[in-house]
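Subject: Structure for you to look at

Hello,

Here is the structure I promised to pass on. Please open it and keep it beside this email as you read.

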Amino acid sequence: VQLQASGGGLVQAGGSLRLSCAASGRTFSRYAMGWFRQAPGKEREFVTAISSISRGNKTIYADSVKGRFTISRDNAKSTLSLQMNSLKPEDTAVYYCAADRDGILSHDYYRRSAYDYWGQGTLVTVSS
């Protein structure tokens with residue numbers, strides 16, 4: 001599967017952005033999907049993930065974004081979304097979407113190695 005992330009941009013602190021990740025192919029609904037981010041000079045970190053619909057569309061969030069970010073998926077459109085509200089300067093990063101063929105939120109859902117496919121990233125900049 002190929003993933004294409006979009007929707008990044010410049011926003012003031014407290015503002016909102018919605019990221020999208022378009023997936024090719026007809027197997028999108030079977031995958032667990034995740035969002036990671038990488039700030040300048042830092043390692044890529046887990047943001048949030050959602051299981052496949054057959055696994056209950058379960059979601060999980062990093063503590064740093066819980067209550068502010070919402071992950072969702074539209075299987076009919078093969079699209080993953082990330083609604084980001086109450087943005088903070090520390091949310092500034094390149095955001096990547098990723099897909100896990102297993103479909104479940106495995107025990108290592110927060111690790112890059114749990115995901116099989118990656119998008120190219122979209123830059124989010126939050127100004128103070």
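Aromatic pairs come first: the count is seven. One of them joins Y115 and W118. Their ring centres are 6.1 Å apart, and the planes make an angle of 70°. That makes the pair edge-to-face, because the angle is over 60 degrees. Please remember that this is a predicted model, so every value here is computed from it.

How exposed are the two partners? Y115 is buried, with a relative accessible area of 7%. W118 is partly exposed, at 27%.

F36, F46, Y109, Y110, Y115 and W118 form one aromatic cluster.

Now stay with W118. Which charged end sits over its ring, 5.9 Å from the centre? It belongs to R112. R44 lies over the face of W118 too, at 5.1 Å from the ring centre.

Next, the nonpolar core. The largest one has 35 residues. Those that touch the most other members are M33, W35, F69, L80, L82, M84 and Y95. Several strands supply at least two residues each, including β1 (3-6), β4 (32-38), β8 (79-84) and β9 (93-100). Which strand gives the most? The answer is β9, with five residues.

Leaving out residues up to four places away in sequence, L80 touches L19, C21, F28, M33, W35, I50, I71 and C97, among others.

Last, look at β4. Is this strand enclosed or open? Six of its seven residues are buried, so β4 is largely enclosed by the rest of the structure. It has strand partners too. β4 and β9 run antiparallel, joined by seven bridges. Within that pairing, R37 has Y95 of β9 as its bridge partner. β4 also pairs with β5, again in the antiparallel sense, over five bridges. There, W35 stands opposite T48 of β5.

β4 and β5 make a hairpin, with six residues between the strands. Find G41 in that hairpin: G41 takes a positive phi near 75°.

Best wishes

Methods: Residues are numbered from 1 along each chain as its sequence is written. This is a predicted model: local features need pLDDT of at least 70, side-chain atom pairs count only at pLDDT 80 or more; totals for chains, interfaces and linings use all residues. Side-chain values use heavy atoms; hydrogens and water are left out. Rings of Phe, Tyr and Trp (its six-membered ring) pair if their centres lie within 6.5 Å; planes under 30 degrees apart count as stacked, over 60 as edge-to-face and the rest as tilted. Buried means under 20% relative accessible area, exposed over 50%, partly exposed in between (1.4 Å probe, protein chains only). A charge sits over a ring if NZ of Lys or CZ of Arg is within 6 Å of the ring centre and within 35 degrees of the ring normal. A nonpolar core is a set of buried Ala, Val, Leu, Ile, Met, Phe, Trp, Tyr and Cys residues joined through side-chain atoms within 4.5 Å. Helices (H or I, at least four residues) and strands (E, at least two) are DSSP runs, numbered from the N terminus. Contact means heavy atoms within 4.5 Å. Two strands pair if DSSP finds at least two bridges between them.
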